Amino acid sequence: MREGDSTAITEAIKETPASGFRLFYVSGLAALIGVVTGFIAFLLYNLIALFTNVFFYQKFSFLMTEPAHHKMGAIVILLPVIGGLIIGLMARFGTSKIRGHGIPEAMEAVIVNRSRISPKVAFFKPLSAAIAIGTGGPFGAEGPIIQTGGAFGSAIGQMIKVTAAERKVLLACGAAAGMAATFSAPIAAVVLAIELLLFEFKPRSFIPLVVASTLATSVHMSITGSHGPMFDVGNPDFGLPGALPWYILLGGLCGLTAILLQKLLYLIEDGFELLPLDPLWWPAIGGLALGLIGFFHPVVFGVGYEAISNILTDQLTLSALGAIVIFKAAALLISLGSGTSGGLLAPTFMISAALGALFAHAVNHYFPGAELSPGGFALVAMGAVFAAASRATFAFIIFAFEITRDYNAVLPLMLVGVIATAITMLVLPNSIMTEKLARRGLRIRAEYEPDILTQSTVGAVMDPYVQTVPLTMTVRELADAMARHHPDYTRHHALPILNETGELAGIVTRGDVIRALEESNPHITVLAAGSRHLIVGFDDENLHDAVVRMLQRGVGRLPVVCRSEPGKVIGYLGREEVMSARLRRIEDEHQREPGWLAGGLAVSLFASAKK
């Protein structure tokens with residue numbers, strides 16, 4: 001091989017490994033995002049408390065109070081209307097991204113806008129959510145803080161020079177930090193960011209996520225002084241294993257509830273779309289409906305953490321539980337469907353916890369021997385409904401455990417959560433998060449699996465039978481061989497060129513041959529017509545790395561060589577060979593092979609027939 005050719009191959013195959021410095025750099029940015037988002041979450045919490053006190057109790061205080069205890073009388077009907085008008089104005093003149101519960105908007109930024117969120121969202125979203133909740137909105141703070149934290153992480157990624165993939169990680173770090181700081185649930189926050197925002201599980205994203213979530217939770221603990229679970233559940237008896245049949249039924253009920261909530265939410269959203277009014281007025285209309293419901297059932301106002309705690313400790317009457325299931329759900333769906341700002345998680349927790357407690361009371365009434373714990377079933381249902389609605393089942397199994405710290409809940413949470421999720425998957429093609437995106441023409445793949453290209457080597461899929469040509473061959477000779485449809489010369493789109501010692505010197509494609517003939521140069525050599533700047537693959541390298549090299553260099557095939565002998569051609573990697581790896585995965589997924597029982601019966605029948 002000539003020295004120039006050898007240098008060309010060496011330069012072409014040299015790859016720059018991913019720098020470990022980038023991981024530390026992004027993790028450092030994640031630490032900053034985690035700390036700042038922890039303070040943002042604390043600020044949002046205090047804003048909600050302030051607006052609640054101002055609107056419901058006419059006092060300036062940052063002490064969190066429940067709006068359900070107000071003494072305002074019928075005038076309380078107007079408070080959500082005022083909040084809706086303010087939200088409508090903010091959406092019109094600030095940013096329309098404040099509408100909704102926040103998570104779908106963060107997902108859309110990742111998918112469509114290369115993880116870019118306008119910095120205005122980081123300001124208007126928490127402010128709008130605080131106003132909406134402070135004027136009685138039946139929402140939680142988690143969706144807004146997830147979107148706010150994501151917006152802050154995205155803003156950092158836009159101010160500092162990073163890749164789009166790193167910016168996605170920073171956005172997810174902000175979102176996870178917001179959820180971790182709001183609920184002191186760092187593990188669930190990490191898993192939720194992976195399931196709903198990152199769509200990947202890699203060290204480059206997992207490590208910064210853990211850093212951001214841990215620091216955000218630490219900030220929350222240091223400011224509030226709270227180190228225990230968010231909700232006190234007492235010591236419920238989950239009744240395992242005797243209560244397993246009832247948990248199976250509860251799983252079915254939770255799945256149907258998740259389906260109903262999603263269907264009704266988007267039905268109401270569609271109804272508002274049909275109104276002959278400017279969208280600016282929609283939140284006020286939703287606020288009027290909320291005010292009327294809240295006048296008769298004040299428990300629907302606000303986040304409802306106190307009510308959730310009372311449900312989990314079985315301190316509410318059956319009528320109170322029924323009122324929460326019916327009227328809190330109605331207030332949530334109407335007000336959120338009107339396009340206001342607020343989180344979906346906390347109210348769904350409240351509704352599903354009440355449903356779980358009612359289920360346990362009903363079973364105990366009709367089957368006294370069951371002796372189910374209403375608090376235990378409330379806790380399990382609380383995690384299962386939103387797990388099924390969001391399809392982030394693993395995250396919310398962990399989440400329900402983290403906010404209660406009751407390990408005994410894990411087994412029923414797992415069982416009920418997966419049953420509920422399976423039911424929603426049978427009925428609904430999209431989750432409550434992705435349905436909004438699907439309506440905008442965006443499709444999100446919910447399943448996570450390793451790329452088959454990362455699990456295969458070049459040597460496993462390459463074609464070992466590769467025709468080579470000598471560098472002295474002319475274009476005319478090669479064209480004649482191709483014209484005769486010689487299988488060795490037409491098998492592949494390109495042919496490696498070997499020098500006098502049998503080492504790789506270049507590559508010539510059909511396009512090179514046609515170009516030389518069109519330019520009336522049929523007598524030049526294939527080496528002159530082809531390329532000496534060689535890009536090759538190794539038989540022992542990862543197929544994904546080889547495909548990335550092909551894409552980056554704009555080529556459709558690679559001659560495959562030995563790593564120890566870069567001049568020795570041992571195979572050919574083209575598009576067909578790459579697709580064969582994908583085809584193998586499809587066959588593994590869809591081709592059913594006979595089991596040992598069916599195979600044994602077939603062999604026996606065949607042997608009997610021969611006799």
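Predicted model: local features only at pLDDT ≥ 70, side-chain atom pairs only at ≥ 80, totals over all residues.
Visitor: Where does Glu371 lie?

Guide: Glu371 lies in the loop between helix H14, residues 345-366, and helix H15, residues 374-390. Its phi is positive, at about 50°, although Glu371 is not a glycine. Most residues other than glycine have a negative phi.

Visitor: And what about Arg391, what is its phi?

Guide: Arg391 also has a positive phi, of about 65°, and is not a glycine. Its place is in the loop between H15 and helix H16, which spans 393-402. Arg391 counts as partly exposed, because its relative accessibility is 21%.

Visitor: Changing topic, which residues does the cis peptide bond join?

Guide: The cis bond joins Leu240 and Pro241, with omega at about 0°, and Pro241 lies in the loop between H9 and helix H10, residues 244-273. Most peptide bonds are trans.

Visitor: Now the sheet, please: what is the order of the strands in the open sheet of 3 strands?

Guide: The order in this open sheet is S4-S5-S6, and the pairing is mixed. Strand S4 (537-538) and strand S6 (569-574) stand at the edges with a single partner strand each, so one side of each has no neighbour in the sheet.

Visitor: Which helix packs on that sheet?

Guide: Helix H24, made of residues 543-553, packs on the sheet and touches S4, S5 and S6, and its direction makes about 135° with that of S5.

Visitor: How many bridges pair S5 and S6?

Guide: Strand S5, residues 557-561, pairs with S6 over 5 bridges in the antiparallel sense, and Arg557 stands opposite Gly574 in S6.

Visitor: Where is Val536?

Guide: Val536 sits in the loop between helix H23, residues 526-529, and S4. Val536 counts as buried, because its relative accessibility is 0%. The C-alpha atoms of Val536 and Val561 are separated by 6.9 Å, while the two residues are 25 residues apart along the chain.

Visitor: Which of them gives the most to the lining?

Guide: H2 gives the most to the lining of the second largest pocket, with 6 residues. By type, that lining divides into 16 nonpolar, 10 polar and 2 charged residues.

Visitor: How many cavities of 30 Å³ or more does a search of the whole structure find?

Guide: The search finds 4 such cavities, and the largest cavity has a volume of about 80 Å³. It is lined by 13 residues, of which Pro80, Ala132, Phe139, Leu290 and Thr340 lie nearest its centre. Helix H3 (78-93) and helix H11 (282-296) are the elements that give two or more residues to the lining of the largest cavity.

Visitor: How do the residues of the lining of the largest cavity divide?

Guide: The lining of the largest cavity divides into 5 nonpolar and 8 polar residues, with no charged ones.

Methods
Residues numbered from 1 in each chain as written. Heavy atoms only, no water. Helix = DSSP H or I, 4+ residues; strand = E, 2+ residues; numbered from the N terminus. Nonpolar A, V, L, I, M, F, W, Y, C, P; charged D, E, K, R; others polar. Pairing = 2+ DSSP bridges. Contact = heavy atoms within 4.5 Å. Axes fitted to C-alpha atoms, helices over the stretch in contact; angles between N-to-C directions. Buried < 20%, exposed > 50% of the residue type's maximum accessible area, 1.4 Å probe, protein only. 1 Å grid on protein atoms, 1.4 Å probe; cavity = no way out; pocket = protein on both sides within 12 Å on 5 of 7 lines; lining within 4 Å. Points joined across faces, edges and corners; volume = space filled by probe spheres on them.
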